[in-house]
Amino acid sequence: MASFSMEEFLGDGALRGLVPKLVEGGWDDVPTVKMMNSEDMDSMKLTRQQKDALEIRSYLHDRSLMIYADRLEASEKSLVELLNTNIAVLSSQFGMKRGHIARFIDRTSACRISMPPYLTPARERSMSPYSISSSTKRQLNVRTSDRGSSVFEPSIEQSAIDFKLNDGYVFKGIVACEPADARLCGCIQPPPVVDDVAPYSLIENISIQKLTPEYKVGMQRLLTTEAPPMKASELWHDKPAIILCIRRPGCIMCRAEAHQLYSRKPIFDAMGVQLVAALHEKIESEIKEFWPRYWGGIVILDRGKDFFKALGGGVLLKDKFITGFLLNSRAIANYKRAKAIGLERNFRGEGEIKGGLFIIGNGKRGIAYQFVERNFGDWAPIAEVLDICRRIQSDGSSHEESKS
């Protein structure tokens with residue numbers, strides 16, 4: 001389910017040469033293109049062959065089967081026809097492996113991302129940034145407090161502090177993590193996790209270096225000149241930001257987490273929230289493999305590991321491979337979840353430093369959400385991430401979009 005660049009995703013068949021037309025229409029990255037429906041395709045005046053090709057490639061992309069995209073598209077069959085093809089033909093004519101055939105014909109494993117009912121794409125949105133329907137509250141597993149504000153039903157361990165919204169309302173900023181079981185029959189205890197969200201003073205002056213920009217069609221894969229150091233606060237000066245702290249970009253669990261977050265990019269764009277991945281070491285080959293295939297957002301280098309220290313209340317959270325992975329059933333389950341997606345992986349780089357995720361309000365509003373990777377491969381629940389982002393999206397971006 002890797003993201004790929006637009007050129008890689010569209011291929012050299014019926015969709016070749018459509019990039020300028022798609023970009024002009026606002027379909028300028030893979031997650032956004034995959035959200036096109038039949039009406040969007042008609043408005044773009046795509047031919048039947050192009051519609052079929054896009055549907056096939058989106059379906060294959062969802063299942064990490066893009067290696068068969070060119071062959072299936074060249075058959076000039078529709079996706080429905082291909083799904084009804086005999087298994088023996090899929091193997092002999094298209095060279096599909098047995099396990100890949102099972103993944104291909106399993107229509108229940110769809111991973112396609114749809115825009116939530118309370119959000120429309122940024123170019124169409126004109127609603128209040130803090131409204132949410134009762135049906136969406138049930139979908140996101142939230143409840144209403146006595147003061148009328150929405151708070152999460154804690155499906156994971158959480159604590160909270162006040163976080164101020166632009167309009168003066170307050171909700172509880174959250175630090176969250178998955179549970180951790182005692183290891184080796186209780187002889188080994190999991191590392192402790194902080195109770196409170198990190199203070200803003202701990203992150204605003206972090207020195208970072210921007211390694212890649214946000215991916216756009218046709219750009220070079222990496223910046224040709226090394227960017228100078230900058231203060232981290234510049235990242236969220238104008239817009240809220242998600243800072244995903246990556247333990248190791250070659251790790252299959254880290255790649256899976258990065259992609260499941262980046263695949264929602266159209267939703268975050270609609271909310272005016274930018275996506276940033278923080279690395280604690282710079283290995284050029286790893287960056288090239290990671291961006292934009294698994295993550296098309298900004299990538300920064302946190303050489304001092306200060307974001308990672310902030311996750312642990314000022315100290316790095318670390319775990320050993322044997323005690324933190326081999327003897328940890330939750331970490332092993334996380335690995336199996338990521339492996340089932342079918343991503344590639346390697347073992348280069350430091351892998352013992354725990355990562356996590358921050359959601360930071362624009363300006364000096366502080367940290368609204370802090371997720372700590374207690375077990376290797378823990379992901380922040382996407383429903384919580386989306387709901388927090390919805391509540392802190394920039395007023396300024398909302399006003400600009402409502403005028404357009």
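Asp 28, Asp 29, Glu 214, Lys 216, Lys 265 and Asp 269 are linked in a network of salt bridges, a salt bridge being a side-chain nitrogen of Lys or Arg within 4 Å of a carboxyl oxygen of Asp or Glu. The structure holds 22 salt bridges. This is a predicted model, in which local features need pLDDT of at least 70 and side-chain atom pairs count only at pLDDT 80 or more, while totals for chains, interfaces and linings use all residues. Residues are numbered from 1 along each chain as its sequence is written, and side-chain values use heavy atoms, with hydrogens and water left out.

**Lys 265 and Glu 214**
- Within the network, the side chains of Lys 265 and Glu 214 meet in a salt bridge at 3.5 Å, N to O.
- Lys 265 belongs to helix α12 (residues 265–271) and Glu 214 to the loop between β5 (207–212) and β6 (230–231), so the pair ties together parts that are 51 residues apart in sequence. Helices (H or I, at least four residues) and strands (E, at least two) are DSSP runs, numbered from the N terminus.
- Lys 265 counts as buried at 3% relative accessibility, whereas Glu 214 is partly exposed at 26%. Buried means under 20% relative accessible area, exposed over 50%, and partly exposed in between (1.4 Å probe, protein chains only).

**Lys 34 and Asp 62**
- A salt bridge of 2.5 Å, N to O, joins the side chains of Lys 34 and Asp 62.
- Lys 34 lies in the loop between α3 (30–33) and α4 (38–43) and Asp 62 in helix α5 (residues 48–62), so this pair ties together parts that are 28 residues apart in sequence.
- Both Lys 34 and Asp 62 are buried.
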